[in-house]
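Welcome! Please keep the view at hand as you read.

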Amino acid sequence: MAAAKKAVLGPLVGAVDQGTSSTRFLVFNSKTAELLSHHQVEIKQEFPREGWVEQDPKEILHSVYECIEKTCEKLGQLNIDISNIKAIGVSNQRETTVVWDKLTGEPLYNAVAAPVSPGPSDPVAVVPSGSSVPAAGAASVWLDLRTQSTVESLSKRIPGNNNFVKSLTGGARGGVHCTDVTNASRTMLFNIHSLEWDKELCEFFEIPMKILPNVRSSSEIYGLMKISHSLKAGALEGVPISGCLGDQSAALVGQMCFQDGQAKNTYGTGCFLLCNTGRKCVFSEHGLLTTVAYKLGRDKPVYYALEGSVAIAGAVIRWLRDNLGIIKTSEEIEKLAKEVGTSYGCYFVPAFSGLYAPYWEPSARGIICGLTQFTNKCHIAFAALEAVCFQTREILDAMNRDCGIPLSHLQVDGGMTNNKILMQLQADILYIPVVKPSMPETTALGAAMAAGAAEGVGVWSLEPEDLSAVTMERFEPQINAEESEIRYSTWKKAVMKSMGWVTTQSSESGDPSIFCSLPLGFFIVSSMVMLIGARYLSGMP
């Protein structure tokens with residue numbers, strides 16, 4: 001029998017989406033933005049003490065390998081030629097730091113993620129082991145700086161480390177250690193006006209500038225893929241890595257929010273609402289952050305954004321599943337909420353480790369209030385979904401006050417947007433339309449768009465017609481404005497009740513709000529890619 005012909009498509013672009021709870025590799029048709037195939041691997045989280053979140057760096061790295069390998073296999077089953085993948089983009093989780101040995105590639109400790117941002121005055125957190133690192137490390141692409149002979153020498157010097165070093169480096173020759181402006185702007189070490197590491201900030205936080213990566217645009221060729229030949233994903237060897245964006249900036253690009261005043265909200269483990277403020281920095285007076293939105297090319301202008309974040313969004317669904325056991329899968333939450341269609345006066349404030357914007361209140365803790373004997377798990381499920389929407393409303397209100405022009409609609413993306421009850425609740429609580437793309441993976445799409453548009457690649461034009469495969473679903477408010485305001489004001493009352501629960505801060509209690517100022521390190525993505533992001537930024541008022 002003759003072999004099946006490979007499908008002929010436009011140039012393809014891949015994207016690594018390394019998030020807080022999972023890693024994915026997705027491949028898009030650059031002419032239509034159609035998602036052709038993907039693979040996802042869930043990442044474990046460890047909670048050694050209250051308020052501390054950690055992840056295994058090796059697990060993260062190997063999840064990237066696995067996702068690329070499995071996606072390539074799936075494309076082969078679809079008779080799609082993977083040699084047509086012309087570029088790779090990377091979108092990374094932020095707010096996570098790994099310290100690693102630059103010679104061996106060995107992480108010195110778990111990836112440390114602080115679950116709530118204490119605010120702009122508190123940039124560094126203590127690691128449980130006793131060593132200390134800032135709670136925000138700039139993302140970096142590490143395309144092995146070592147030669148093959150250096151790798152072999154290291155392997156001889158470090159007994160038992162031969163396979164690990166080789167699996168990381170692949171014996172690459174040459175390379176680059178760099179980050180993009182969106183990630184650099186989240187470290188509190190970067191001047192968001194000059195777009196350079198700030199000497200005074202680095203001296204203040206005692207960070208040696210020589211360990212910091214070079215800062216480049218979000219869309220240019222940084223280097224070429226180089227993966228261990230023991231993996232089938234090595235078939236992508238030589239493909240340019242040409243897009244690099246922190247996850248929320250990637251989603252802004254994926255939603256085509258290129259105009260001043262356009263905003264998107266991503267519903268993932270947390271919620272992140274970004275509003276494009278154009279080429280000017282707008283500094284918030286209502287608890288939001290000013291950040292770099294993107295810089296799509298070496299010679300292209302930089303664009304800025306206001307950002308507000310919700311600590312717990314999808315994570316509250318995971319908590320209901322893993323901690324309370326009232327659902328077996330995350331998808332069941334919609335079914336439970338649909339059974340009752342109301343929280344029956346029950347309000348759930350999931351401030352498990354404090355509150356993000358606009359409060360920045362680390363003393364808050366989660367509460368469920370308004371309970372009666374009639375309340376059951378369905379009402380709590382509904383209240384959990386409402387909590388995500390109420391928190392988004394608080395950020396949107398702050399953003400409207402800072403920008404001066406209220407949003408007429410909200411563009412949304414992320415895995416939780418598949419929940420239709422959640423989307424309708426969001427429209428009701430905001431009292432404006434919510435617009436959802438048919439393909440919710442806009443974070444990965446943004447990274448792919450940046451990679452495909454890079455000079456020297458040129459397979460994506462960043463024009464609306466390049467998203468012809470993406471349609472929009474619109475959710476209109478279905479309640480009156482008065483009811484929306486009453487529910488929102490009751491939520492605000494519940495939020496006030498959640499504050500002030502933590503009244504002491506001591507190392508013995510394991511409180512995460514202990515800070516010091518010691519040097520940081522950057523995690524290795526080795527000859528592949530894996531970006532560990534950052535959460536703080538300079539340029540604050």
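What follows is a briefing that starts with the whole chain and then visits selected parts.

This is a predicted model, in which local features need pLDDT of at least 70 and side-chain atom pairs count only at pLDDT 80 or more, while totals for chains, interfaces and linings use all residues. Residues are numbered from 1 along each chain as its sequence is written, and side-chain values use heavy atoms, with hydrogens and water left out.

**The whole protein**

- The protein has 12 helices and 25 strands; helices (H or I, at least four residues) and strands (E, at least two) are DSSP runs, numbered from the N terminus.
- Of the 541 residues in the protein, 60% are buried, where buried means under 20% relative accessible area, exposed over 50%, and partly exposed in between, with a 1.4 Å probe and protein chains only.
- Among contacts (heavy atoms within 4.5 Å) between residues at least 6 apart in sequence, 74% join residues at least 24 apart.
- The accessible surface is about 21,400 Å², and carbon and sulfur atoms account for 53% of that surface; such areas come from the Shrake-Rupley method with a 1.4 Å probe, and for residues only the protein chains shown count as cover.

**Strand 5 and its partners**

- Strand 5 (residues 85-92) is largely enclosed by the rest of the structure, because seven of its eight residues are buried.
- Strand 1 (residues 12-18) runs parallel to strand 5, and seven bridges join them; two strands pair if DSSP finds at least two bridges between them.
- Within that pairing, glutamine 18 has asparagine 92 of strand 5 as its bridge partner.
- Strand 5 also pairs with strand 16 (residues 240-246), in the parallel sense and over five bridges.
- There, serine 91 is bridged to leucine 245 in strand 16.

- Strands pair within a sheet through backbone hydrogen bonds, either parallel or antiparallel.
- Three strands in the order 4-7-6 make an open sheet with antiparallel pairing.
- Strand 4 (53-55) and strand 6 (96-97) are its edge strands, each pairing on one side only.
- Two bridges link strand 6 to strand 7 (residues 111-113) in the antiparallel sense, and valine 112 in strand 7 is the bridge partner of threonine 97.

**A look at serine 22**

- Serine 22 belongs to strand 2 (residues 22-29) and is buried, with a relative accessible area of 9%.
- Its side chain makes a polar contact of 3.2 Å with the side chain of glutamine 40; a polar contact is a pair of N or O atoms within 3.5 Å, where within protein one must be able to donate a hydrogen and the other to accept it, and residues adjacent in sequence count only if both atoms are side-chain atoms.
- Apart from neighbours within four places in sequence, serine 22 is in contact with Asp17, Gln40, Val41, Glu42 and Ile43.

**Helices**

- Helix 6 (residues 247-254) packs with helix 11 (residues 442-453) at an angle of about 80°, their axes 7 Å apart; axes are lines fitted to C-alpha atoms, for helices over the stretch in contact, and angles run from 0 to 180 degrees between N-to-C directions.
- Helix 6 and helix 11 are therefore roughly perpendicular, a term that covers angles of 65 to 115 degrees.
- Residues that meet here include Ala250 and Val253 in helix 6, and Leu445 and Met449 in helix 11.
- The buried residues of helix 7 (residues 314-324) pack against strand 3 (35-42), helix 8 (332-340), strand 21 and helix 9 (377-403); among them are Val316, Ile317 and Leu320.
- Glycine 325 follows helix 7 and has a positive phi, near 70°.
- Helix 10 (residues 420-430) is mostly covered, with 10 of its 11 residues buried.
- Asparagine 419 caps the N-terminal end of helix 10, placing a side-chain oxygen 3.1 Å from the backbone nitrogen of isoleucine 421.

**Backbone details in loops**

- The loop between strand 21 (347-349) and strand 22 (367-369) holds proline 358, which is joined to alanine 357 by a cis peptide bond with omega of about 0°.
- Tryptophan 360 is in the loop between strand 21 and strand 22; its phi is positive, near 50°, and it is buried at 16% relative accessible area.
- Methionine 188, in the loop between helix 4 (181-184) and strand 12 (190-191), has a positive phi near 65° and is buried, with a relative accessible area of 14%.

Technical notes. Angles under 35 degrees count as roughly parallel, over 145 as roughly antiparallel, 65 to 115 as roughly perpendicular and the rest as oblique.
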